[in-house]
Amino acid sequence: MASLSHRGSARKSPQRFCWNCSSYACIHIDVGEALNNLDRESGVCSFVEKGAFMILYKEIRALSDDFERRLKSQIEDRVLEMDDDDRSHHILYQVLGITAAEGHDIDVYQNKGRFLYKYAGSFLEAAAKLCVQYRFPQAGSKRIDNTLGQRPKTFEIDSLTPLKDAIEIKWRDATTDGDHITKEHTRLKVIHAAGYKPVRVMFYYPNRAQARKIQQVLEDLYISLKGEYYYADSAWKFIREYTGVDLLAVISRIAEEKTGGK
């Protein structure tokens with residue numbers, strides 16, 4: 001795995017606002033600490049840019065609420081649709097010792113799972129982009145022409161920053177399709193030729209061996225083009241150091257508020 005870059009740590013920290021003592025100080029403390037407000041007895045204060053971080057937190061919280069509503073709505077609609085589904089295939093479940101009722105429950109949860117993975121991943125990717133924009137307001141998605149082939153005509157960069165970092169944000173990539181490597185290799189070469197540094201940030205590494213092999217090849221491709229590749233813990237750390245936002249702490253706080261950690 002590529003070593004974690006610390007390019008952001010050399011920048012001068014902006015004025016920070018201490019929510020404990022209501023004053024400013026110019027020291028760097030992770031936003032995650034600000035979120036938890038730390039331990040007052042320890043004498044350690046938490047600092048954030050006044051107002052700006054709380055706006056970001058509210059945006060991420062609102063984003064989670066929006067995805068939650070859409071998820072629940074789509075699940076409810078699909079479960080209602082399934083009440084009218086043809087269930088003649090359940091006889092095959094019964095041949096394998098699964099009752100018709102259990103088979104229907106499996107079908108329902110399979111559909112729920114598909115929607116859950118889709119919305120969970122989309123939420124995390126959108127939240128990560130908000131963190132990048134918090135640090136670099138000019139950052140945003142960008143399409144560039146495919147200068148090495150006809151298909152596809154363009155490639156999309158998830159978040160292009162003023163530092164010319166072309167950041168690809170993935171919550172997880174479990175593909176086992178070998179063609180994916182060829183397409184990604186072309187995309188990376190196009191990005192590199194355009195003068196940008198390809199950076200891949202993937203928060204959750206796939207579990208299956210074949211999918212892991214694909215990721216290992218992709219990592220080598222990034223490194224060969226002087227890019228950067230972060231996954232699992234290093235992905236969370238990259239976002240924290242690159243943007244100043246401890247995204248894992250933010251979503252942990254939201255999860256605790258919504259479910260009590262259950």
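Modeller: Let's start with Thr243, which sits in helix H7 (residues 233-243); a helix here is a DSSP run of H or I with at least four residues, a strand is a run of E with at least two, and numbering goes from the N terminus. This is a predicted model, so local features need pLDDT of at least 70 and side-chain atom pairs count only at pLDDT 80 or more, while totals for chains, interfaces and linings use all residues. Residues are numbered from 1 along each chain as its sequence is written, and side-chain values use heavy atoms, with hydrogens and water left out.

Thr243 is buried, at 3% relative accessible area; buried means under 20%, exposed means over 50%, and partly exposed is whatever falls in between, using a 1.4 Å probe and protein chains only. The C-alpha of Thr243 is 5.6 Å from that of Val132, although the two residues are 111 apart along the chain.

Next, the aromatics. One cluster is made up of Phe136, Tyr230, Phe238 and Tyr242. The structure has 11 aromatic pairs, where rings of Phe, Tyr and Trp (its six-membered ring) pair if their centres lie within 6.5 Å, and planes under 30 degrees apart are stacked, over 60 edge-to-face, and the rest tilted. Take Trp171 and Tyr204: their ring centres are 6.2 Å apart with 70 degrees between the planes, an edge-to-face pair. Trp171 belongs to strand S6 (residues 165-172) and Tyr204 to strand S7 (residues 197-204), so this pair ties together parts that are 33 residues apart in sequence. Tyr204 is partly exposed, at 33%. Tyr229 and Tyr231 also make an edge-to-face pair, since their centres are 5.9 Å apart and their planes meet at 65 degrees. Of these two, Tyr229 is buried at 0%, whereas Tyr231 is partly exposed at 22%.

S5 (residues 154-160) and S6 run antiparallel and are joined by two bridges; strands pair if DSSP finds at least two bridges between them. Leu160 has Ala166 in S6 as its bridge partner. The S5-S6 hairpin has four residues between the strands, including Lys164 with a positive phi near 65 degrees. Lys164 is partly exposed, with a relative accessible area of 49%.

On to S4 (residues 140-145), which pairs with S5 in the antiparallel sense over five bridges. Lys142 stands opposite Ile157 in S5. Five of the seven S5 residues are buried, so the strand is largely enclosed by the rest of the structure. In the loop between S4 and S5 you'll find Pro152, which is joined to Arg151 by a cis peptide bond with omega about -10 degrees.

Glu156 and Arg143 form a salt bridge, with their closest N and O atoms 3.6 Å apart; the rule is a side-chain nitrogen of Lys or Arg within 4 Å of a carboxyl oxygen of Asp or Glu. Glu156 is in strand S5 and Arg143 in strand S4, so the pair ties together parts 13 residues apart in sequence. Glu156 is partly exposed at 36%, and Arg143 is exposed at 52%.

Compare that with Arg200 and Glu184, whose side chains meet in a salt bridge at 3.8 Å, N to O. Arg200 lies in strand S7 and Glu184 in helix H5 (residues 178-193), so this pair ties together parts 16 residues apart in sequence. Arg200 and Glu184 are both buried. The salt-bridge count comes to 16, and one network links Arg61, Asp65, Glu68, Lys72, Arg253, Glu257 and Lys258.
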